[in-house]
Amino acid sequence: MRVVELIERKRDGGKLTPDELGALVLGYTKGDVPDYQMSAFCMAVVWRGMDAAETAALTAAMVRSGERLDLTRFGRVVDKHSTGGVGDKTTLVVAPLVAACGVPVAKMSGRGLGFSGGTLDKLESIRGYRVDLTTDEFLAQLGRIGIVVTGQTADLAPADGKIYALRDKKIAAGAHAVVLDVKVGRGAFMKDVAQARALARAMVAIGKAHGLAVTCELTDMDQPLGRAVGNSLEIAEAIATLAGKGPPDLVQLTRVAGAEMLLRGRKARDKRTAASAIDRALADGSGLAKFRELVAAQGGDVRMIDDPSRLPRAPRVETLLARRSGYVADIAADHIGIASVRLGAGREKKGDPIDHRTGIVLHAKVGDRVERGQPYAEVHGMELEGSKEQRSKAMQYRPGASGER
């Protein structure tokens with residue numbers, strides 16, 4: 001196989017066969033295909049696209065690159081995956097709620113790149129939390145407490161982990177049903193509904209081709225989800241949500257996604273019953289207790305769950321005040337995300353370090369009334385030489401009231 005020929009063919013709009021895609025994935029997994037060539041191939045795919053047959057063949061090759069878990073002994077296992085967005089901490093809330101309702105949740109998560117935050121980066125805000133479970137540890141924990149949220153292992157679809165890292169499928173993790181959350185809007189990979197719907201249909205088709213029950217939801221990402229953007233800030237907001245004090249948009253999405261997971265897990269007979277079960281897990285604290293159990297099982301410091309003030313905190317918090325009164329007409333989710341990356345909460349390229357302490361907290365969302373002099377956002381940043389310039393860059397991307405940017 002000459003990788004350059006495959007890249008050139010895809011660049012020129014040609015089609016690749018299942019054997020060619022399989023050889024490419026195998027070569028990359030073994031280390032015979034270097035990162036720069038796989039990056040070029042991915043770029044060609046983004047530019048020219050792949051048809052349904054190519055997409056299915058590529059996914060199958062990635063699954064074959066390692067082990068595929070058999071989770072049938074745990075009953076009907078579900079997973080939830082998001083295409084990512086600004087402030088998207090839904091998994092941190094919905095996974096423990098669903099597990100608390102008696103449906104096992106097995107999730108392999110990834111790291112963030114750009115302003116699309118990664119679940120693993122957020123969880124690593126919790127001191128000691130392990131995201132590198134072995135396959136045996138993965139299975140043992142799922143059987144013991146009914147939930148596991150970890151990173152890519154060396155055994156489970158290693159090609160998926162390597163290719164995902166270049167950007168920085170959940171089939172190999174063995175779940176029987178998957179709820180997919182495709183974000184739409186300025187702070188998402190897909191900017192409009194037509195693109196998002198096309199992606200959703202492709203993802204559903206791939207899942208069904210591999211025997212999974214798949215539901216896909218299209219959700220708004222024109223403004224950040226919730227109020228917190230940044231790793232430890234989002235962990236704190238997830239804890240508050242599980243304690244019944246979450247922002248309305250995050251609670252609503254959690255209820256919808258959680259109910260669908262219960263339906264796919266065959267734990268509820270209809271959406272109303274499923275939503276009621278999620279509401280009970282929020283109200284009685286069982287979802288929060290399950291999150292605490294998850295953190296303890298993976299080596300995390302549960303004192304940070306009991307007292308979120310123990311989470312990493314930025315040395316400087318700068319409050320932004322409205323210069324005039326008005327209603328918030330728009331919040332540029334992409335600009336908020338870029339600002340958070342510049343503060344250190346995200347990475348611009350693979351391997352960049354993350355500062356779990358930094359980020360942005362919004363005090364107002366679209367439609368809210370803001371009075372002159374009232375706080376509308378907080379910038380959590382570093383107190384270092386040059387930090388004034390850093391804060392200045394961040395403040396170029398602030399939300400505003402009455403049309404201000």
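At 26% relative accessibility, D368 counts as partly exposed, where partly exposed lies between buried (under 20% relative accessible area) and exposed (over 50%), using a 1.4 Å probe and protein chains only. This is a predicted model, so local features need pLDDT of at least 70 and side-chain atom pairs count only at pLDDT 80 or more, while totals for chains, interfaces and linings use all residues. Residues are numbered from 1 along each chain as its sequence is written, and side-chain values use heavy atoms, with hydrogens and water left out.

D368 pairs up with R227 in a salt bridge, meaning a side-chain nitrogen of Lys or Arg within 4 Å of a carboxyl oxygen of Asp or Glu. This one ties together distant parts of the chain, 141 residues apart: R227 sits in the loop between β5 (213-220) and β6 (228-229), and D368 in the loop between β9 (359-362) and β10 (369-370). Strands here are DSSP runs of E with at least two residues, and helices are runs of H or I with at least four, numbered from the N terminus. R227 is partly exposed too, at 28%.

Here are some of the pairs side by side:

| Salt bridge | N to O distance |
|---|---|
| E137 and R130 | 3.0 Å |
| R264 and E260 | 3.7 Å |
| R227 and D368 | 4.0 Å |

R264 and E260 are four residues apart in helix α11 (residues 248-264), so about one helical turn separates them. E260 is buried at 12% relative accessibility.
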